[in-house]
Every structure is written in C-alpha cells, then in structure tokens.
Amino acid sequence: GGRSGLSSVAFDADGRRLFGFGQGLCVWDVASGRREVKLLDAETEIGHVAIGGDGRYLVAAVATQEDARAEVLRWSLPDLKPLEPLRVRDLRPDPLAEAMGVLALAASPRGNIIAASFGDSRIRLWDVQAAKPLSVLEGHRAPPVSLAFSSNRSWPHGAATTEVVSE
C-alpha cells in the first residue's frame with residue numbers, strides 16, 4: 001500500500017505531542033517522531049481533531065457508516081482517558097447531520113467551548129468539560145466547512161464556500 005497523509009492535526013498545550021488522523025487517530029512524540037499510541041482504528045472516519053479545555057481535552061470528530069452516527073469523541077489529557085462523547089442527537093437531532101458527519105471542528109480561545117459544523121448547515125456548541133450541549137447556531141445557507149473562534153469573544157465564525165457568517 002501507499003502512504004497516507006494526515007487529514008487533521010493538533011499539538012498539545014506544551015507542544016510535546018502531536019495528535020492526528022492518518023490510518024487511525026494516533027499520538028506522536030514530537031521530539032522522537034515515534035508514535036506513542038493509536039486511539040482509533042483506520043475504519044473510523046475522522047474529520048478533525050482539536051485541543052480544548054486549556055489543553056485538558058483532546059476532541060476528535062468521528063463518523064461511522066455502519067450506523068450513520070456522527071459525534072465528537074473526547075479524551076482527557078495528558079492521560080488519554082476516554083470521556084463521554086458529544087453527540088449531535090443531544091442538540092437538535094437531524095438525520096442529515098448524522099449522515100454527513102462533522103464538517104468542521106474548533107475550540108474556543110479559552111478551550112471551554114467546542115463548536116462543530118454538520119451537513120444540516122447548523123453549528124452545534126458544547127461545554128467541553130461538562131459534555132453538555134449549549135446551543136445551535138442556525139441560518140447558514142450552506143454547511144460551514146471551516147470554523148474559527150474570534151480571539152476576544154467566545155463565538156465561532158463559519159465559512160461555507162463564499163459565504164462568511166458569524167453568530
């Protein structure tokens with residue numbers, strides 16, 4: 001087989017570990033370049049990874065084709081203990097959102113809010129520490145494919161093709 005690149009990467013708070021999806025969700029030691037652990041197999045489709053909670057959480061947007069489930073998985077850092085996932089069905093369930101999966105993922109500047117964009121053109125927000133749904137941002141004409149938080153506020157900005165929106 002050929003080599004597979006990384007589809008999404010994130011560094012931990014001190015820059016010593018790199019998290020990314022390339023033939024599964026893996027964790028690498030930056031200094032040695034060695035893979036420390038594989039958290040998920042290649043069969044799980046992962047779109048994005050981010051660090052939240054001021055470096056206390058790793059989040060990964062995943063989808064499974066078997067049961068058309070889209071969710072954001074969480075692990076505590078630095079120990080990589082699995083935590084309760086953030087589920088789309090907890091914030092305005094929608095079969096299209098589940099079927100298309102997570103299109104974009106971002107953590108707020110303070111790391112306490114995770115935003116995820118889904119195929120139903122909605123952005124869902126969660127409290128990453130409590131794993132509690134916060135709100136749903138609606139009104140986008142197309143599904144946002146990129147998300148970023150402003151540096152001075154805790155509201156995400158989304159971009160869909162040529163449309164830039166903010167809530």
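Two strands are taken to pair if DSSP finds at least two bridges between them. Strands themselves are DSSP runs (E, at least two residues), as are helices (H or I, at least four), and they are numbered from the N terminus. The structure is a predicted model, in which local features need pLDDT of at least 70 and side-chain atom pairs count only at pLDDT 80 or more, while totals for chains, interfaces and linings use all residues. Residues are numbered from 1 along each chain as its sequence is written, and side-chain values use heavy atoms, with hydrogens and water left out.

An open sheet is formed by 4 strands in the order β9-β10-β11-β12, with antiparallel pairing. The edges are taken by β9 (102-107) and β12 (132-137); each has a single partner strand, so one side of each lacks a neighbour in the sheet. From one strand to the next, the twist averages 20 degrees (axes are lines fitted to C-alpha atoms, for helices over the stretch in contact, and angles run from 0 to 180 degrees between N-to-C directions). Strands of a sheet pair through backbone hydrogen bonds, in either the parallel or the antiparallel sense.

Along this sheet, β9 and β10 are paired in the antiparallel sense over 5 bridges, and Ala104 stands opposite Ser117 in β10. The two strands β9 and β10 form a hairpin with 5 residues between them, and Gly111 in its turn has a positive phi of about 80 degrees. Strands β10 and β11 run antiparallel and are joined by 5 bridges; the bridge partner of Ala115 in β11 is Leu125. The hairpin of β10 and β11 has 4 residues between the strands, and there Ser121 takes a positive phi near 70 degrees. Strand β11 (residues 123-127) pairs with β12 over 5 bridges, again in the antiparallel sense, and Asp127 is placed opposite Lys132 in β12.

Strand β10 (residues 113-118) is mostly covered, with 6 of its 6 residues buried; buried denotes under 20% relative accessible area, exposed over 50%, and partly exposed in between (1.4 Å probe, protein chains only). In a regular strand the side chains alternate between the two faces of the sheet. In β10, Ile113, Ala115 and Ser117 point one way, Ile114, Ala116 and Phe118 point the other way, and all are buried.

Ser8 belongs to strand β1 (residues 8-11). Ser8 counts as buried because its relative accessibility is 11%. A polar atom of the Ser8 side chain lies 3.0 Å from the backbone nitrogen of Val49. With neighbours within four places in sequence left aside, the contacts of Ser8 (heavy atoms within 4.5 Å) are Phe19, Gly20, Phe21, Gly47, His48 and Val49.

Backbone geometry was also examined in the loops. Most residues other than glycine have a negative phi, and most peptide bonds are trans. The peptide bond from Leu77 to Pro78 is cis, with omega near 10 degrees, and Pro78 is located in the loop between β7 (69-76) and β8 (82-87). Leu80 is found in the loop between β7 and β8; Leu80 is not a glycine, yet has a positive phi of about 60 degrees. At 14% relative accessibility, Leu80 is classed as buried. Asp54, in the loop between β5 (45-52) and β6 (57-64), likewise is a residue other than glycine with a positive phi, near 55 degrees. Asp54 is exposed, its relative accessible area being 57%.

Technical notes
Polar contact = N/O pair within 3.5 Å; in protein donor to acceptor, adjacent residues only side chain to side chain.
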